[in-house]
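These are my notebook entries on one structure.

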Amino acid sequence: MTDEADEDLVIRRATQDDIPAVVAMLADDALGAQRESPDDLAPYEKAFQRLGADPNQHLMVAVRGGRIVGTLQLSIVHGLSRRGATRAIIEGVRVHADERGSGLGTRFITWAIDEARRQGCQVVQLTSDATRTDAHRFYERLGFTASHLGFKLAL
């Protein structure tokens, strides 16, 4: 996987040094503030090690002017359904509040779709909390359809 640069934006794999900035973005909204703990990075550091050991996990950051302004995780999942299709799952998408409306989200999701194609995926899927109506409109503008109903079970 190569870095992608456009003007002053670089999309690259996250490093361990990026964890504080990534977690801060994950926590920077009403939902994230309830489930993230930026004051205790230990669980995130352990998770980062697990992600790094799995070649199908791509924790990415968008960097502009030396500052992390976005993050997402692209997971490649091989399966039997859909005639043995490989799918990409996009998770944990965040754009820094200062960058919303700048086109960064479109560039980032487009990068993820292109990378999924490069990895041989036939489907790209994502979930979005039911309360994030602005995000739903954004994903629909990019061609995603609300074709399924998702369920979660907290353990």
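**Strand pairing**

The model is predicted, so I used local features only at pLDDT of at least 70 and side-chain atom pairs only at pLDDT 80 or more, while totals for chains, interfaces and linings use all residues. Residues are numbered from 1 along each chain as its sequence is written, and side-chain values use heavy atoms, with hydrogens and water left out.

I took helices (H or I, at least four residues) and strands (E, at least two) as DSSP runs numbered from the N terminus. I counted two strands as paired if DSSP finds at least two bridges between them. Strand β3 (residues 57-64) and strand β4 (residues 67-78) run antiparallel, joined by eight bridges. Strand β2 (residues 9-13) also runs antiparallel to β3, with five bridges. One of the partners I noted is arginine 64 in β3, which bridges to leucine 9.

Between β3 and β4 the hairpin has two residues, and glycine 65 there has a positive phi near 60°.

I then checked burial (buried is under 20% relative accessible area, exposed over 50%, partly exposed in between, with a 1.4 Å probe and protein chains only). Strand β3 is largely enclosed by the rest of the structure, because seven of its eight residues are buried.

**Nonpolar cores**

I defined a nonpolar core as a set of buried Ala, Val, Leu, Ile, Met, Phe, Trp, Tyr and Cys residues joined through side-chain atoms within 4.5 Å. The largest has 22 residues, of which Ala62, Leu72, Leu74, Ile90, Ile109 and Trp111 touch the most other members. At least two residues of this core come from each of β2, β3, β4, β5 (86-95), α5 (104-118) and α6 (133-141). The biggest share is that of α5, with seven residues.

Apart from this core lies another, of 12 residues, including Val23, Leu26, Phe48 and Val61.

For contacts I used heavy atoms within 4.5 Å. Leaving out residues up to four places away in sequence, isoleucine 109 touches Leu72, Ile90, Val93, Phe138, Tyr139, Leu142 and Phe144.

**Helix α1**

In helix α1 (residues 19-27) I found Ile19, Val22, Val23, Met25, Leu26 and Ala27 buried. The buried residues of α1 pack against α2 (30-35), α3 (42-53), β3, β4 and β5.

**Aromatic rings**

I paired rings of Phe, Tyr and Trp (its six-membered ring) when their centres lie within 6.5 Å; planes under 30 degrees apart count as stacked, over 60 as edge-to-face and the rest as tilted. My search of the whole structure gave two aromatic pairs. Tyrosine 139 and phenylalanine 144 make an edge-to-face pair, at 5.9 Å centre to centre and 75° between the planes. Both tyrosine 139 and phenylalanine 144 are buried. Phe138, Tyr139 and Phe144 form one aromatic cluster.

**Single residues**

Is glutamate 115 buried or exposed? Glutamate 115 counts as buried because its relative accessibility is 5%. Glutamate 115 lies in helix α5, and a polar contact of 2.9 Å joins its side chain to that of glutamine 119. A polar contact here is a pair of N or O atoms within 3.5 Å; within protein, one must be able to donate a hydrogen and the other to accept it, and residues adjacent in sequence count only if both atoms are side-chain atoms.

Arginine 82 sits in helix α4 (residues 81-84) and has a positive phi of about 60° although it is not a glycine. Arginine 82 is exposed, with a relative accessible area of 55%. Arginine 83 is also in helix α4, with a positive phi near 65°. Arginine 83 counts as exposed at 88% relative accessibility.
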